[in-house]
Amino acid sequence: MAEIITDLKEISNPSAGDDAKKIVVSGIRSTGNLHLGNYYGALSKFLRMQDDFDCRFFIADLHALTTNPDPNQLHASVKNILAEYLAAGLDPDKATLYVQSDVPEIAEMYLLLNMHVGIGELMRTASFKDKARKALGLTGDGEEIEKEIIGNQSSQARVNAGLLTYPTLMAVDILIHKADFVPVGKDQEQHLELTRRFARRFNSFYGVDYFGEPVNFNFGGEAVKVPGLDGSGKMGKSEGNCIYLLDDEKTLRKKVMRAVTDEGPKEPNQKPSQPVENLFTLMELVSEPSTVEHFRNAYADMSIRYGDMKKQLAEDILKVTTPIRERILDIRDNDEYLAKVVKQGAERARAAASETLRDVREIMGIRGIR
Ligand code: ADP
Ligand code: TRP
């Protein structure tokens, strides 16, 4: 299990004159707009960390390429996410904000690190199996996925090598900055585990003590999993059950009012069904504790009306998203500003990345003739 850090001040105490702030790296793929899952799983943590740490947050457009997006949509999505980062409150003067593909050192180090990554371990990664299954149109979750991949002769429904090596690229994103902390949602913990494994392997193969072992960061709590409104366990783009930061008031209210529930409690103090528990989980993220308590009590004594609960939930989500939405609309067409932010970010990110790449080349024996 990854070590979970509980005390912010213990780690980074700038006031105590600790110049060497801990390094934080995280990214979100540019595959559409940000939703509440991204916000509570990742972005809200970025915001809380930017004052105390040396943060480097990026838009993972190379990772987005693994699912072969339409080029115009990919480009639009990079801009959207940048605008959303800024609108949510990330400050380019505090954190380094950049686009992954603006740092070519990452692509080179990805090639180098791949030499120490096993195809088997990549094929066993949960996210790979999931995406490979989707790419091949398989529905069951039998063990035959490896055979299907190797036997597959279709030139359209293929599982591309970028998808397989996704964890290598993610490890490079993190290791190239020698990150200490990587704030991500629960679904990314396996990738982080692989990152640590690759770092250890690199160190031991070359007999160096070069890379550390980055860990997730959850402010002392468990990694968050934001549920869907359709009764499912996870809010996600591919699940089609998202509330977006950019949703207008009408759309958002409609989505919440349509959320799946059940027929209501049948007896006092009963455990809520999954869809209803999902609504409580969302409420715990956006509402005052007293509001949550009110509806929990109403559920326990069977007086709850889901319609009222949903109205309140929509109201409280809007309190979070409306100011962000307004800023997104303000920023997203300001190309000059957006370009300036990522130019400055890329310069800073490249300065760090090129140092690591230089060392890694040296360690691996790519030394040039001199
Ligand atoms: P999606 O699952 O919608 O494609 P991404 O995979 O791009 O989103 O996720 C970007 C970040 O948001 C990651 O840190 C991921 O852990 C987090 N995240 C995404 N969905 C959720 C969710 N439902 N709950 C918590 N965190 C999430
Ligand atoms: N794999 C992450 C996701 O799907 C995105 C990502 C790419 C990332 N590189 C990273 C997250 C490095 C943290 C650090 O959400």
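This is a predicted model: local features need pLDDT of at least 70, side-chain atom pairs count only at pLDDT 80 or more; totals for chains, interfaces and linings use all residues.
Biologist: OK, which residues come nearest to ligand 1?

Modeller: Of the 18 residues around ligand 1, the nearest are His 35, Gly 185, Asp 187, Val 226 and Met 235, where a residue counts as near if one of its heavy atoms lies within 4 Å of the molecule.

Biologist: And what polar contacts does Asp 187 make with ligand 1?

Modeller: A polar side-chain atom of Asp 187 lies 2.5 Å from an oxygen atom of ligand 1, and a polar contact here is a pair of N or O atoms within 3.5 Å. A polar backbone atom of Lys 237 is 2.9 Å from an oxygen atom of ligand 1.

Biologist: Which helix gives the largest share of that shell?

Modeller: The largest share of the shell around ligand 1 comes from H2, with four residues, and this helix spans 36-49; helices are DSSP runs of H or I with at least four residues, and strands are runs of E with at least two.

Biologist: Switching to ligand 2, what does Asp 173 do there?

Modeller: An N or O atom in the side chain of Asp 173 is 2.7 Å from a nitrogen atom of ligand 2, while a polar side-chain atom of Gln 188 lies 2.9 Å from a nitrogen atom of ligand 2.

Biologist: Which element gives the most to the shell around ligand 2?

Modeller: That is H10, with four residues, and helix H10 covers 166-175.

Biologist: Last topic: which residues touch the most other members of the largest nonpolar core?

Modeller: Among its 65 residues they are Tyr 39, Leu 43, Phe 57 and Tyr 85; such a core is a set of buried Ala, Val, Leu, Ile, Met, Phe, Trp, Tyr and Cys residues joined through side-chain atoms within 4.5 Å, with buried meaning under 20% relative accessible area (1.4 Å probe, protein chains only). Helix H15 (residues 306-331) gives the most to this core, with ten residues.

Biologist: Why does this core lie between domain 1 and domain 2?

Modeller: Because domain 1 (4-117 + 165-225 + 335-364) and domain 2 (249-331) both give residues to this core, with the domain bounds coming from an automatic or database assignment.

Notes. Residues are numbered from 1 along each chain as its sequence is written. Chains are lettered from A and ligands numbered from 1 in the order in which they are written. Side-chain values use heavy atoms; hydrogens and water are left out. A polar contact is a pair of N or O atoms within 3.5 Å; within protein, one must be able to donate a hydrogen and the other to accept it, and residues adjacent in sequence count only if both atoms are side-chain atoms. Buried means under 20% relative accessible area, exposed over 50%, partly exposed in between (1.4 Å probe, protein chains only).
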